[in-house]
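Open the model in a viewer and keep the selection panel at hand.

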Amino acid sequence: MIPTLLGITIMVFAISRIAPGDPFSIAMGPGGQLDAERFADFREQQKKLHGLDKPLPIQYLIWLKRVVTFNFGDSIKHHRPVIELIKERLPITLTLNLIAFVIIYTVSIPTGMLAAVRHKRFFDQFSSVIVFMLWSLPAMLVGQLLIGYFCGPAFVSWFPPAGLSSNQADTLPFFPWLTDRLWHLVLPVICLTYSGFAYLTKQVRAGMLESLRADYVRTARAKGLSNMTVIFRHAFRNSIIPVITIMATLLPAMLGGSVIIERIFSIPGMGMLAFEAVTTRDYNVVMAVATIAGLMNLVGLLFGDIAYAVADPRVSFESNV
Amino acid sequence: MIIMAEKTAQQKSWGVSYGEMVRREFAKNKLNVVSLVLIIILFALAVFAPFLANDKPFMIRLDGKLIFPLFASLKASDYSILLAAAIGIWQLILIRRNRRNIEPSIRGHVLSRQLLINASILVAGSVLLYVFVPRRLDATGYRELISSGRASDAIFAPIPYGYARTELEVREQPPGKEHWLGTDDVGSDVLCRLIYGSRISLSVGFVAVGISSLVGIAIGSVLGYFGGKVDFIGMRFVEIMMAIPVFFLIITIVAYWERSLFNIMIIIGLTTWTGNARFIRAEFFKLRNQDFVQAAVSLGLPLRSILFRHMLPNGVAPVLVNATFGIAGAIFIEAALSFLGFGVAPPTPSWGQMLSLGVSTTGRFLWWLTLFPGVAIFLTVLAYNLVGEGLRDAIDPRLRKAA
């Protein structure tokens, strides 16, 4: 855990240093505002100011210190401490992803199970086709079609096209505020959910199919247990384990996907922050966001491991760490 | 060294090779075949793009003289794409012939020699093309010449527009007779840009996956073969690569690097190899203790030979499957990057960038700019995913037994 964390900081640092040129050349370079001679002076001055004239290991240690103390410097665009921005934006992305996560798991586990139980019958084939289509559908297309047809003059305007809440929603009492918020979240959550749903359903179905073919299921059936007991107690309990580990692949994909979805729906979350930082080359924010995203991913993996141990009695943390 | 066989008598005794078995299993599912055909059509579109959509006519009579502007305007890159396609088709024909004429045991050697020869022809040809084909820029308005009466007898491509055309008077037009799929914000023909956009998607897909497969195989094979400390340190590195969500990692790099097609290919390739490395590592763990590997080691063969001649061919199947999904993923990532404005710079056509114009800055919704590029991405990704799925089912022996 800790070495990986250190590794993430090394990696982000390396990306920022390996890149050709330096931020000042991009900002002020040839064709920029300064002529060659004054630019060289300016660059030296800036390098000294930002500590870029020191040797690389020292630079890394300075960066590490900043990570550990959560002091990522100021954002060039917003003129505010980066960590403040992240504190504002992170809960939004987390809420969005958590809602999507819960929906994905609650919908796809029953769907996948039913598909496996009805193997090669109508429901299985129908759901497989749907799932496969959803899996390959780009979120950009879905998002824009939803905005185009449900938020504007083109068809109906049932949902707001952008943002998280209506104007002056802060003045509303709690429940109207909540409905307003949920009303804004419907379309983004749909976009964030469907591809993960497709992926997870496929995995649940595959896992279920495998355990339904296993010997212990045949044994359970031979004992004369009811179909329900066999499916839920014997097959399902065993096929749920890989489904939990999938969290590890689903989470980073969803975090990445939220960049696109927050951009489409103009939601001021982490993804939007990353997008803005990259367009304006706001390097402090870029580095901070990458580090925090890695950190969140690690936390997700940790939860996955814990859930794994809970679900599978054969796994324990005490015996071999 | 090529042993030519007497066809009919010996063919049956060769039996069915592993590749043949996978191929038959793959072809059983009609959907797999359909998606393969779709991929071939996309390839054809990408290769023949200049002949399908071009604002220069194939042939035109200008001031009484017959000229061929389209052929004269082709760039070295167009020619080398055509050359690559021709060599690719020739290689496929060779593989088919090998299957008939060459004994399975030496087919691998023959194939690698053919691949080497063809690759060198391709490289040499491309270099020659880049040296000898002049860089030409033909900005003549041939259609204006026709309407003014100076030129006649023109034969245009089916879509007589260039991909970088700006004609503001026809901007944001819905699909119609003139422009089959409408026009974009600067008046370029959407269909034309879609066709050229397939070049970007396919090249990003293949080059990025090529890089990620090579890096993944190199790292994964070393980790899997040596195990122990090397594996422990290497796997920590892989874990770190996997810890940062890929898309965040990519846009972080994009923030620092110049945004060109070449860089995007490299960035996608260098950030997505971890899956391949893990697959190969797992396979090599299994293979390491097998007799034929032990034999190769005790014969004192060089490491390169043990890893890549003896072990790799036996463990490469999951990477091939993963590569197919990887192409879909890379196309997806490229589209997303272009959508966010981090992709190739306009006027180079890219599906993701076109899609981003669907909701214009003024908030107007242009359905044709959303639907057509989006569906293009969807169909391409779907086709590669289906082929990958089909390949995996065909390769997986467990499923073959069950079926």
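Select A:Met270, A:Gly271, A:Met272, A:Leu273, A:Ala274, A:Phe275, A:Ala277 and A:Val278: these are the buried residues of α12(A). Buried here means 20 or more other C-beta atoms within 10 Å of the residue's own, with C-beta atoms placed from the backbone; 12 or fewer would be exposed, and anything in between partly exposed. Helix α12 of chain A spans residues 270-279, and eight of its 10 residues are buried. Helices are DSSP runs of H or I with at least four residues, numbered from the N terminus.

This is a predicted model: local features need pLDDT of at least 70 and side-chain atom pairs count only at pLDDT 80 or more, while totals for chains, interfaces and linings use all residues. Residues are numbered from 1 along each chain as its sequence is written, and chains are lettered from A and ligands numbered from 1 in the order in which they are written.

Next, show what surrounds α12(A). Its buried residues pack against α5, α11 (247-264) and α13 (283-311) of chain A, and against α11 and α16 of chain B. Contact means C-beta atoms, placed from the backbone, within 7 Å. After the helix, pick A:Arg281, which has a positive phi near 50°.

Now colour the contact between the chains: 41 residues come from chain A and 37 from chain B. On the chain B side, two or more residues each come from α10 (228-243), α11 (246-256), α16 (317-340), α17 (351-356) and α18 (367-395). Of these, α11(B) gives the most, with 10 residues. That side divides into 28 nonpolar, seven polar and two charged residues (nonpolar: Ala, Val, Leu, Ile, Met, Phe, Trp, Tyr, Cys and Pro; charged: Asp, Glu, Lys and Arg; polar: the others, Gly among them).

Stay in chain B and select α13 (residues 274-288) with α16(B): their axes come within 9 Å and cross at roughly 165°. Axes are lines fitted to C-alpha atoms over the stretch in contact, and angles run from 0 to 180 degrees between N-to-C directions. α13(B) is therefore roughly antiparallel to α16(B) (an angle over 145 degrees). Show B:Gly275, B:Asn276, B:Phe279, B:Ile280 and B:Glu283 in α13(B), which meet B:Pro318, B:Val319 and B:Asn322 in α16(B). By class, this contact has four nonpolar, three polar and one charged residues.

Finally, colour chain B by pLDDT, the predictor's confidence in each residue from 0 to 100. The chain averages 86, and 94% of the residues score at least 70. Over residues 5-12 the value is below 50. Where pLDDT is low, the predicted coordinates should not be read in detail.

Terms used:
Two residues are in contact if their C-beta atoms, placed from the backbone, lie within 7 Å. Angles under 35 degrees count as roughly parallel, over 145 as roughly antiparallel, 65 to 115 as roughly perpendicular and the rest as oblique.
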